[in-house]
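I opened my notebook to look at how the chains hold on to each other. Here is what I looked up, entry by entry.

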Amino acid sequence: MFRCTLVVCGRGVAKRFASSFPGESALPPNLLLPTNLVDPARLRRPPPPADCSLPLLRKCDAVVPAHLSPVQTWVETLARPDSEPLGLAQLHPDVFAVHPRLDILHEVETWQRNYKRISHASTKIRSEVRGGGRKPWKQKGSGRARHGSIRSPLWKGGGVANGPRGPTSYFYMLPMKVRVQGLKVALSSKMAQQYLHIVDSLNIPSPDPQYLLDLIRHKHWGESLLIVDVGEEFPENILQATAGLKTVNIIPAIGLNVHSMLKHEAVVLTLETIKFLEDKLLWHDQRYTPLYPFKLPYSDFP
Amino acid sequence: MFLRCFNDNTVPALCIVGHRLGIETENMAVLGGLLKAGASFCQSAATLLHTARTISTGTCCQIRMHAIPQLKKVDRWTEKRSMYGVYDNIGILGDFKAHPKDLIVAPCWLKAFKGNELQRLIRKKKMVGDRMMTLDKHNLEKRIRFLYRRFNRTGKHR
């Protein structure tokens with residue numbers, strides 16, 4: 001998917017350059033740019049130093065193992081496009097600093113694509129095609145090849161011998177801990193590549209989509225943005241602003257998944273979302289194996 | 001009139017032109033055959049000019065193209081594509097009140113089920129068989145009978 005857009009972008013770039021004066025340094029038309037090109041103007045804001053004067057707005061609720069230290073990041077605001085970060089936040093390393101397991105990411109992404117897939121491709125076999133019960137001509141004497149029905153797969157209009165049969169499903173479930181680890185790896189990768197941004201709340205001054213686009217372009221967050229918030233209610237302004245935009249999308253925290261995180265270049269989480277995610281994802285590290293499905297009541301969960 | 005005697009110089013040139021255009025269809029086989037025919041009977045006697053047959057080593061392709069077709073323009077940010085996969089972790093993140101298998105849009109006998117053709121058909125008969133049309137039901141039963149015998153009585157695995 002990204003390769004296609006890349007080829008199209010490359011061709012667009014090449015077309016623009018090919019139309020210029022050929023004496024200048026024009027890019028060759030068959031130039032293929034790599035997919036992981038990052039906007040060089042993207043501000044590589046260094047992680048907050050240890051002696052920063054900004055207040056620590058959030059500490060980790062869960063116990064951090066002794067051999068790990070919490071990840072520190074900036075907390076920004078959406079209210080003004082050109083504002084400095086409000087403060088710092090500490091994130092749990094077992095959620096936001098796990099090892100970048102690309103194989104788990106691949107597994108979870110393939111699972112997301114395939115478990116819902118129903119292929120409706122279907123063909124009729126020779127017994128289902130209308131007609132073809134009678135032997136077309138007698139076995140011997142006519143001089144033609146011997147046939148038993150006019151709907152055998154050899155005939156035009158006949159049935160398909162080994163074709164797709166009816167709606168097929170490709171359902172399977174990955175183990176719960178693999179899916180949880182996939183979420184953790186995706187969040188850690190976004191954090192490590194500085195595509196994860198933390199915001200105190202989603203209040204913006206105007207419901208204009210252009211405000212969001214200007215904010216993103218000013219802060220150099222990327223081309224596409226995924227906004228995640230806990231709760232069923234969102235501020236009206238941000239709902240209206242994202243409704244008009246294709247590449248900026250807002251989802252509740254329950255809807256977070258690896259495919260959306262990989263599709264959108266930057267991810268914005270609020271402080272409540274981080275608490276929610278840490279709470280949900282860290283529980284699986286220390287839970288007992290289920291004796292019966294979790295949807296049935298347990299005395300100590302949730 | 002089509003099978004004119006090519007000069008020895010033009011035969012390789014035409015081959016090169018054909019390759020440069022990059023038209024990798026079955027026309028190449030026909031073209032190659034024609035060129036070979038042209039070259040071969042050039043060297044033979046001129047009386048055989050109008051009696052050579054066209055050789056075709058591949059099927060004749062009905063689609064004709066003049067140039068490389070343009071890529072189809074796909075919008076990667078439609079509503080469906082940008083919201084794909086949302087709520088897939090509704091179990092883990094949502095207190096296990098729902099399961100991702102509840103999100104699957106499928107015929108009722110295929111929701112959260114995977115099996116080979118025989119298993120799918122048996123499940124369909126069990127769940128939906130009494131609501132099916134008579135012809136479809138008859139075909140279903142015939143197919144189940146055939147597949148049962150095929151899987152359990154023939155071949156290596158029984």
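**Salt bridges, whole structure.** I searched everything and found 15 salt bridges over all chains, counting a side-chain nitrogen of Lys or Arg within 4 Å of a carboxyl oxygen of Asp or Glu. One of these pairs joins two chains, because Glu117(B) lies in helix H5 of chain B and Arg165(A) in the loop between strand E4 (118-119) and strand E5 (168-169) of chain A. Helices (H or I, at least four residues) and strands (E, at least two) are DSSP runs, numbered from the N terminus.

**Ground rules.** I noted that this is a predicted model, in which local features need pLDDT of at least 70 and side-chain atom pairs count only at pLDDT 80 or more, while totals for chains, interfaces and linings use all residues. Residues are numbered from 1 along each chain as its sequence is written, chains are lettered from A and ligands numbered from 1 in the order in which they are written, and side-chain values use heavy atoms, with hydrogens and water left out.

**Glu117(B) and its partners.** I looked up the gap to Arg165(A): the closest N and O atoms of the salt bridge are 3.1 Å apart. Is Glu117(B) buried or exposed? Glu117(B) is buried at 14% relative accessible area, and Arg165(A) is buried too, at 13%. I take buried as under 20%, exposed as over 50% and partly exposed as in between (1.4 Å probe, protein chains only).

Glu117(B) also forms a salt bridge with Arg143(B), where the closest N and O atoms are 2.8 Å apart. This pair links distant parts of the chain, from helix H5 to helix H6 of chain B, 26 residues apart. Arg143(B) counts as buried, with 12% relative accessibility. I then followed the chain of charges: Glu128(A), Arg165(A), Glu117(B) and Arg143(B) are linked in a network of salt bridges.

**Lys280(A) and Asp95(B).** I found another salt bridge here, with the closest N and O atoms 2.5 Å apart. The pair crosses between chains, from helix H8 (residues 271-283) of chain A to the loop between H4 and H5 of chain B. Lys280(A) is buried at 14% relative accessible area, whereas Asp95(B) is partly exposed at 23%.

**The interface as a whole.** How many salt bridges does the rule find across the interface of chain B and chain A? I count four. I also get 14 residue pairs in polar contact, both at pLDDT 80 or more; the rule takes N or O atoms within 3.5 Å, and within protein one must be able to donate a hydrogen and the other to accept it, with residues adjacent in sequence counting only if both atoms are side-chain atoms. Helix H3 (79-82), helix H4 (90-93), helix H5 (117-128) and helix H6 (134-153) of chain B are the elements that give two or more residues to the side touching chain A.

For contact (heavy atoms within 4.5 Å), I list 37 residues from chain B and 54 residues from chain A. In chain B, Trp77(B), Leu93(B) and Phe96(B) lose the most area to chain A, together 21% of what that side buries.

Key: Buried area = accessible area lost by both parts, 1.4 Å probe.
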